[in-house]
Amino acid sequence: MAIVIAPDAPHGWRWAAVCREIRGPDAVSLCRWPRQPLGPGELRLRILASGLNFPDLLMTRGEYQLRVAAPFVPGMEAAGIVEEMDPGTSGFRCGDRVVANLHHGLLASEAGVPVSQVTAAPAAFSWAECA
């Protein structure tokens, strides 16, 4: 299943599906979440579609092999556009269509993603198909 999330958030914030307690998907809600500064070798991705997978559900219950403390943002797959790059990062340019994979954090309107976790998105695919 792909979920499209593209609303604009106030400056310094982003929209995210946040799991506030480890008690299942009912603990997830869409809210403003602080924008994180880019780390070395990271891209800022404006997320236009995110994949929602069974491991995301398991994480909200604390039943996945990777246990994440609440609050956290689920989402292992996303597609979007590179908006910003750490100065030392290469391989992509702002405006590139990309696909990203992380352990969590991509069910949001934007995310900082290590360039090693990003690939070019196929031009013929829709955002939902990419995610």
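Strand 2 (13-19), strand 3 (28-34) and strand 4 (42-51) are among the elements that cover the buried residues of helix 1. Here helices (H or I, at least four residues) and strands (E, at least two) are DSSP runs, numbered from the N terminus. Residues are numbered from 1 along each chain as its sequence is written. The model is predicted, so local features need pLDDT of at least 70 and side-chain atom pairs count only at pLDDT 80 or more, while totals for chains, interfaces and linings use all residues; side-chain values use heavy atoms, with hydrogens and water left out.

Helix 1 spans residues 54-61. Its buried residues are Asp56, Leu58, Met59 and Thr60. Buried means under 20% relative accessible area, exposed means over 50%, and partly exposed lies in between (1.4 Å probe, protein chains only). Gly62 follows the helix with a positive phi, near 75 degrees.

Strand 2 is largely enclosed by the rest of the structure, because 5 of its 7 residues are buried. Strand 2 pairs with strand 3 in the antiparallel sense, over 7 bridges. Two strands pair if DSSP finds at least two bridges between them. Within this pairing, Trp13 has Pro34 of strand 3 as its bridge partner. A charge sits over a ring if NZ of Lys or CZ of Arg is within 6 Å of the ring centre and within 35 degrees of the ring normal. In a further case, the charged end of Arg97 sits over the ring of Trp127, 4.3 Å from its centre.

The largest nonpolar core has 13 residues. Such a core is a set of buried Ala, Val, Leu, Ile, Met, Phe, Trp, Tyr and Cys residues joined through side-chain atoms within 4.5 Å. Leu106 and Val118 touch the most other members. Strand 4, strand 5 (77-85), strand 6 (97-101) and strand 7 (110-114) each give two or more residues to this core. Beyond its neighbours within four places in sequence, Val118 is in contact (heavy atoms within 4.5 Å) with Leu43, Phe92, Val98, Val99, Ala100 and Val113. Ala100 also stands opposite Val118 in strand 8. Strand 8 (residues 118-120) and strand 6 pair in the antiparallel sense over 3 bridges. Strand 6 also runs antiparallel to strand 5, joined by 5 bridges. There, Ala79 has Val99 of strand 6 as its bridge partner.

The structure holds 4 salt bridges. A salt bridge is a side-chain nitrogen of Lys or Arg within 4 Å of a carboxyl oxygen of Asp or Glu. Arg23 and Glu21 form one of them, with the closest N and O atoms 3.4 Å apart. Glu21 counts as partly exposed, at 43% relative accessibility.

Arg35 bonds to Glu110 through another salt bridge, with the closest N and O atoms 2.5 Å apart. Arg35 lies in the loop between strand 3 and strand 4 and Glu110 in strand 7, so the pair ties together parts 75 residues apart in sequence. Arg35 is partly exposed at 31% relative accessibility, whereas Glu110 is buried at 9%. Glu84 forms a salt bridge with Arg44, the closest N and O atoms being 2.9 Å apart. This pair links Glu84 in strand 5 to Arg44 in strand 4, 40 residues apart. Glu84 is partly exposed at 34% relative accessibility, and Arg44 is buried at 4%. Arg35, Arg44, Glu84 and Glu110 are linked in a network of salt bridges.
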